[in-house]
Amino acid sequence: MDKPEAPSAVQSLVEPAAEPALAAHLNAGQGNKRPDAEPRGAAGTALPHESAVLHVTGSATYIDDLPELRRTLHAAIGLATEAHARITALDLSAVRSAPGVVAVLTADDIPGINDFGPVVHDDPIFATDEVQFHGQALFAVLADDMRAARAAARLARVDYNRLPAALSVDDALQAGTRVLPDTALRHGDADAALATAPHRLAGSIRLGGQDHFYLETHIAYAIPQEDDTMKVYSSSQHPGEVQLQVAHALGREAKDVVVECRRMGGGFGGKESQPGQIAAIAAIGAMRTGRPVKLRLDRDDDMILTGKRHDFRIDWEVGFDDDGRMLGVRFRQATRAGYSADLTGAIADRAMFHADNAYHLANVAIDSQRCKTNTVSNTAFRGFGGPQGMFGIEEVVDAIAHHLGRDPLEVRKLNYYGITERNTTHYGQLIEDNVLHELTAELEADCDYHARRAALRAWNATSPVIKKGIALTPVKFGISFTATHLNQAGALLHVYTDGTVMLNHGGTEMGQGLFTKVAQVVARELQIDIDRIRVTASDTARVPNASATAASSGADLNGKAAQDAARKIKARLTEFAAAKYGCREDQVEFRANRVHAGDTVLGFAELVHAAWMGRVSLSATGYYRTPKIAYDRSTLSGRPFYYYAYGVACSEVAIDTLTGESKVLRVDIVHDVGHSLNPAIDLGQVEGGFIQGMGWLTTEELCWDADGRLRTHAPSTYKIPAVSDLPPVFNVRLWERGINAEDSIFRSKAVGEPPLMLALSVWHAIKDAVAAAADYGVTPQLDAPATAEEILRSVDDARQRAGDAA
């Protein structure tokens, strides 16, 4: 008998068989229902990503896959080779005379404004007199092919006068350089609480940045249109912002520029504010030459030219009682912004908001310093400052536990926000949806935390070289843009006479499954199968003024906007059906591709065609603005978040005390996504977010040399997690009892950013293993990322301090 063929990659994506957790969610979305109870693929159903088959077969079209128009030029950027300097001479003659070169662009060729700053106008497209970081754009080359452009860009001769360069947070603190004013948040009386506390501790911790390392580097393709207008394909999380940045650079208006993005090959925040420079350069070149221009960065230039996650130095002091309850806390959060403001203001604000993570802080003082350095301007990254704020408070809780000789989990639970008391944040928001106590109790029991912790300690006592550690940490993450005006979205819905639907909204697709989820929302509202709906590319000509797809709000905002549009059309169809078939409007019901109008039953498509014949509009716009939020930036108080997302994770690790190597052995996660719009996609987001966070805290180290050059600008020197880094035991589940207390889209919760912070459990498990190397006699001093070198340093330091104490 022939053996059955192994399932193909495509079959594995479509058929719920491969992964037990995914299979369970897929079956949960389908089981115990009559076949016609719900349309196929409606919200709440586990479906593959709408482009999954296209992804694995190589058929998904990205910007670099678009057929190039005749006479298309290719651009490359010439980068500065000093961290801070005056430009005394810029000789581009060799560049202009290089083979294949058609034009060279400098700041003098910009017809409009030489700036792409998203908030503060301090981000020049091309540097002019002064270079502010090693790798800053000086000029661009336009050539007949990409290789010619890149080769020519290296031929420039630039003379500099070096200026003093601040390269680190410490340098900036010493020099007093800032991109924005220092900011302070006060709640209660931290000074008095610290002064009277039975116990006090203080420390300082450093955590590094992180490169986004999206698969698709930054790219833009600008095509001149008639009447001096411009069409730009941009790999951007915020096409509306790119539209304005390009218009300003060209000296035109928003109406003269259309920006489109069908999909990105990853974003993670790195394509929120940064794409404007790339798109503007391509558009300036297109306007100058009258020819299409494509600019695609290679990996090295992308990592050198574009911003990272903000690295932080956090100095802290805490006062606490004999049980470990925090009485007063003081933080200084100093972050390296880079040479310009970019989005640092909002990122640093969110770090302050999330300085509590899951813990009630009755008395807290936070000082935030937004340091200007002569390095690339740091930018948005998944979590947007939240992970850095949480990192600080988790370090404090861990230090308290070590000082008192208590299990860190017990100290964490003691300090959790309460349900009906101790439930107001340090910025004044009442927490009304706290489920952390339930989540923690469930995971604590499910993963057998206490027995495993005891077993690890016994194992460590007999293992002189390999040490193991375990930690269980929580996440409470606020959902909404802290800039209140960004919490709005629009959608455009067309129903065609054959009953199919074309949907467009302001969100962008970067692999996270937003297009799939929003289509599922419309399928549920109109009660039609998902394959009757097509979502089209994000396009500023269809939905204007859209906010960035960021802050984990993509499905919340755009799902509600699409729902609004679908309901408008549904209301028109209901009114028409009631009149045509002689029944009341409340007797018209849409169910699984059919419409019941009194005693009449007909297909959705049949009703739509009849409505068109009856001259009923089958197109609608939808709009949504998040309710309840109100935040005063001047006082850092109010309700910046609509609701909170919660999760808990337990990680077990092993370290080699001779080499500093570490390995994550087991991870257990329970995460609350409310009523999931798509359990398959949400599960993938939790898993992927955790692994990305694990990389940030363990292996992804950014290194600059003494001259300000980024040395880790390729996969050969910058290590993101590989398949081999996946924990051998990786138990992830969505909380079955989850429901959003607020009226979000079908009571779901955001899932893009919160899971990343679950990886704090890995870092604390490593700290636990380092403590074991010194027989738990001292609190380890460990910075992030916990690379092999850092772990080895921390082990040596802990052992030395333990020996000195003995």
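This is a predicted model: local features need pLDDT of at least 70, side-chain atom pairs count only at pLDDT 80 or more; totals for chains, interfaces and linings use all residues.

Reply: Let us start with contact, which here means heavy atoms within 4.5 Å.

Me: Where does threonine 183 lie, and is threonine 183 buried or exposed?

Reply: Threonine 183 lies in strand β7, which covers residues 183-187. A residue counts as buried under 20% relative accessible area, and threonine 183, with a relative accessible area of 14%, is therefore buried. Its side chain also reaches the backbone oxygen of proline 181 at 3.5 Å.

Me: How should I read the backbone angles, and which residue has a positive phi of about 55°?

Reply: Most residues other than glycine have a negative phi, and most peptide bonds are trans. Phenylalanine 384 has a positive phi of about 55° although it is not a glycine; this residue sits in the loop between β15 (364-372) and α12 (386-404), and it is buried, with a relative accessible area of 15%. Alanine 551, likewise not a glycine, has a positive phi of about 60°, is found in the loop between β20 (538-539) and α17 (554-581), and is buried at a relative accessible area of 11%.

Me: Which peptide bond is cis?

Reply: The bond from alanine 784 to proline 785 is cis, with omega near 5°, and proline 785 belongs to the loop between α20 and α21.

Me: How are two packed helices described, and at what angle do α19 and α20 cross?

Reply: Two packed helices are described by the angle between their axes and the distance between the axes. For α19 (residues 679-698) and α20 (residues 760-773), the axes come within 8 Å and cross at roughly 40°, and the two helices are therefore oblique to each other. Phe690, Met694, Leu697 and Thr698 in α19 meet Leu760, Ser761, Val762, Trp763 and Ile766 in α20, a set that divides into 7 nonpolar, 2 polar and no charged residues.

Me: How does α20 pass α21, and which residues make the contact?

Reply: The axes of α20 and α21 (residues 788-805) come within 8 Å and cross at roughly 40°, which makes α20 oblique to α21, and the crossing is right-handed. Ile766, Val770 and Ala773 of α20 make the contact with Ile791, Ser794, Val795, Ala798 and Arg799 of α21; these residues divide into 6 nonpolar, 1 polar and 1 charged.

Note on methods: Residues are numbered from 1 along each chain as its sequence is written. Side-chain values use heavy atoms; hydrogens and water are left out. Axes are lines fitted to C-alpha atoms, for helices over the stretch in contact, and angles run from 0 to 180 degrees between N-to-C directions. Helices (H or I, at least four residues) and strands (E, at least two) are DSSP runs, numbered from the N terminus. Angles under 35 degrees count as roughly parallel, over 145 as roughly antiparallel, 65 to 115 as roughly perpendicular and the rest as oblique. Ala, Val, Leu, Ile, Met, Phe, Trp, Tyr, Cys and Pro count as nonpolar, Asp, Glu, Lys and Arg as charged, and the others, Gly among them, as polar. Buried means under 20% relative accessible area, exposed over 50%, partly exposed in between (1.4 Å probe, protein chains only). A polar contact is a pair of N or O atoms within 3.5 Å; within protein, one must be able to donate a hydrogen and the other to accept it, and residues adjacent in sequence count only if both atoms are side-chain atoms. A crossing is left-handed if the near helix is turned anticlockwise from the far one by less than a right angle, and right-handed if clockwise.
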